[in-house]
Amino acid sequence: MNIAIVGTGYVGLVSGTCFAEMGSNVVCVDVNRDKIERLQRGELPIYEPGLEELVHRNMQYGRLTFGTSLADVLDSVEVVFSAVGTPPDEDGSADLRYVLEVAREFGRHITKYTILVTKSTVPVGTAGRVKAVILEELAARGVDIPFDVASNPEFLKEGAAIKDFMSPDRVVVGTESERAREVMTRLYKPFMIQNFRVLFMDIPSAEMTKYAANAMLATRISFMNDIANLCELVGADVDSVRLGLGSDPRIGPKFLYAGCGYGGSCFPKDVKALAHTGREHGYTMEVIEAVERVNDRQKSIVFDKIMQLTDGRIEGKTVAVLGLAFKPETDDMRQAPSLEVIGRLLDAGAHVRVFDPVAMDECRRILGDSVTYCKNLYDAADGADVLALLTEWRQFRMPSWPVVKEAMRGNIIVDGRNIYNGEELARLGFVYTRIGRR
């Protein structure tokens with residue numbers, strides 16, 4: 001099958017590459033000429049484990065190409081996926097200008113039946129606006145060309161996106177016609193030969209499913225962080241509580257880990273957008289708005305603990321920050337707790353030394369020279385009064401604590417992801433604190 005993907009960000013590049021890996025001919029289109037030229041040289045704009053190898057292989061076999069014009073490829077494709085960005089506006093609503101521009105370009109240049117599939121995360125009702133824009137462009141051309149719109153939201157986890165795409169637990173597709181359903185079935189059948197897990201539904205339900213799924217996961221995170229904060233006050237251990245909760249098959253263990261808040265490109269944006277959709281329709285999403293408030297507060301908890309353990313005297317002290325990305329196996333720092341913690345430390349007059357296995361360049365782009373960039377964990381700890389863990393990368397899980405102790409000037413460790421053994425650290429002379437345990 002011949003496919004075009006518009007947008008070469010995280011969703012577009014992963015989706016296009018995986019479709020190509022399964023045998024489709026894919027052209028990824030982006031108006032950013034510099035990005036396309038880099039991709040044509042095999043240089044990826046994002047970090048995702050295993051993606052670079054897949055891109056290079058499918059480019060070599062000619063199944064994956066890159067270009068800057070959708071109009072140039074429309075005649076040769078059956079399906080166009082719109083995977084452009086939908087950044088949040090100040091009021092939390094999703095900015096649809098790029099989604100609608102793809103629809104305009106589609107309407108201006110299609111010459112035969114083609115499906116435009118929205119893969120970007122968009123509010124309920126967006127497909128109707130997309131369809132109206134296409135019809136407007138066709139009317140302006142004075143032509144009547146058949147087409148369909150569909151919704152196919154992505155459910156990719158950064159750090160495991162290739163596995164998620166190649167072996168999905170489910171694929172959600174919203175369609176209006178049997179013809180579009182048949183094409184989407186043919187497209188996804190190779191990914192699920194043994195167990196076809198495509199859930200077909202109406203388009204508004206598909207659009208809502210994406211927001212509801214992310215909001216549910218964000219809710220579990222904020223709920224557990226709220227419980228963790230109360231555990232500290234009453235003397236309970238959140239890890240024990242988590243085990244007790246997760247053992248209930250009605251609840252399950254996933255997304256019940258307390259920490260310093262969620263970040264990334266999806267949860268913060270989608271929670272805001274869902275709350276805004278409710279307000280647009282005269283309904284307050286009480287739970288969702290509370291989820292956002294709890295998370296905003298939780299991002300400051302590591303800073304608050306640092307201030308408590310230093311009696312508020314952080315000015316002039318050095319803090320080593322381990323982990324900058326919002327989660328392991330990505331360089332994505334969008335809405336990352338690290339930005340909140342580092343920002344507050346700098347405002348308080350602290351010196352900050354940072355290390356992350358893959359997000360250092362992204363940090364330089366965002367924070368410039370305001371922090372000191374280190375070559376590893378031990379370099380970051382050198383001369384530090386406080387060490388704070390914000391991202392649970394594997395290489396941070398079993399450091400040589402005697403070496404860390406020797407390198408540090410102070411002895412305070414703030415564990416924002418609850419991965420260390422407090423008793424072991426206490427024996428070594430560290431002052432250790434975590435989330436959800438007094």
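Reader: Where is the place of Asn418, and what is its phi?

Author: Asn418 has its place in the loop between β13 and α17 (422-427), in what is a predicted model. Most residues other than glycine have a negative phi. Asn418 has a phi near 55°, a positive value in a residue other than glycine.

Reader: Is Asn418 buried or exposed?

Author: Burial is read from the relative accessible area, with buried meaning under 20%. Asn418 has a relative accessible area of 13%, and is therefore buried.

Reader: Which loop holds Gln335, and what is the phi there?

Author: Gln335 lies in the loop between β9 and α13, and its phi is near 60°, again a positive value in a residue other than glycine. With 44% relative accessibility, Gln335 counts as partly exposed.

Reader: How should I read the open sheet, and what is the order of its strands?

Author: Strands of a sheet pair through backbone hydrogen bonds, either parallel or antiparallel. Here the open sheet has 6 strands in the order β11-β10-β9-β12-β13-β14, and the pairing is parallel. β11 (372-373) and β14 (431-434) are the edge strands, each of which pairs on one side only. Within the sheet, β12 (residues 386-389) and β13 (residues 412-415) pair in the parallel sense over 4 bridges, and Leu389 has Asp415 of β13 as its bridge partner.

Reader: Which strands does helix α12 touch, and what angle does its direction make with that of β13?

Author: Helix α12 (residues 301-309) packs on the sheet and touches β9 (318-322), β12, β13 and β14, while its direction makes about 155° with that of β13. Helix α13 (residues 337-347) also packs on the sheet, where it touches β9 and β10 (351-355), and its direction makes about 155° with that of β10.

Reader: Where is the place of Asp356, and which residues does it touch?

Author: Asp356 is placed in the loop between β10 and α14 (360-367). When residues up to four places away in sequence are not counted, Asp356 touches Gly323, Leu324, Ala325 and Trp393. A further relation is given by the C-alpha atoms of Asp356 and Cys374, which are separated by 8.6 Å although the two residues are 18 residues apart along the chain. The relative accessibility of Asp356 is 1%, so this residue counts as buried.

Reader: Which strands are joined to β5, and by how many bridges?

Author: Strand β5 (residues 114-118) runs parallel to β6 and is joined to it by 5 bridges, with Ser151 of β6 as the bridge partner of Thr118. Strand β4 (residues 79-82) is joined to β5 by 4 bridges, and these two strands also run parallel; in that pairing the bridge partner of Phe81 is Val117 of β5. β5 is mostly covered, with 5 of its 5 residues buried. Thr114, Leu116 and Thr118 point one way from β5, whereas Ile115 and Val117 point the other way.

Reader: With which residues is Ser177 in contact, leaving aside its neighbours within four places in sequence?

Author: With those neighbours left aside, Ser177 is in contact with Tyr113 and Asp148. Ser177 itself is found in the loop between β7 (171-174) and α7 (178-188), and at a relative accessible area of 19% it is buried.

Reader: How many disulfides does a search of the whole structure find?

Author: The test is whether two cysteine sulfur atoms lie within 2.5 Å, and a search of the whole structure finds 0 disulfides. Cys18 is in no disulfide, and the nearest cysteine sulfur, that of Cys28, is 11 Å away. Cys18 counts as buried, at 0% relative accessibility.

How values were computed
Residues are numbered from 1 along each chain as its sequence is written. This is a predicted model: local features need pLDDT of at least 70, side-chain atom pairs count only at pLDDT 80 or more; totals for chains, interfaces and linings use all residues. Side-chain values use heavy atoms; hydrogens and water are left out. Buried means under 20% relative accessible area, exposed over 50%, partly exposed in between (1.4 Å probe, protein chains only). Contact means heavy atoms within 4.5 Å. Two strands pair if DSSP finds at least two bridges between them. Axes are lines fitted to C-alpha atoms, for helices over the stretch in contact, and angles run from 0 to 180 degrees between N-to-C directions.
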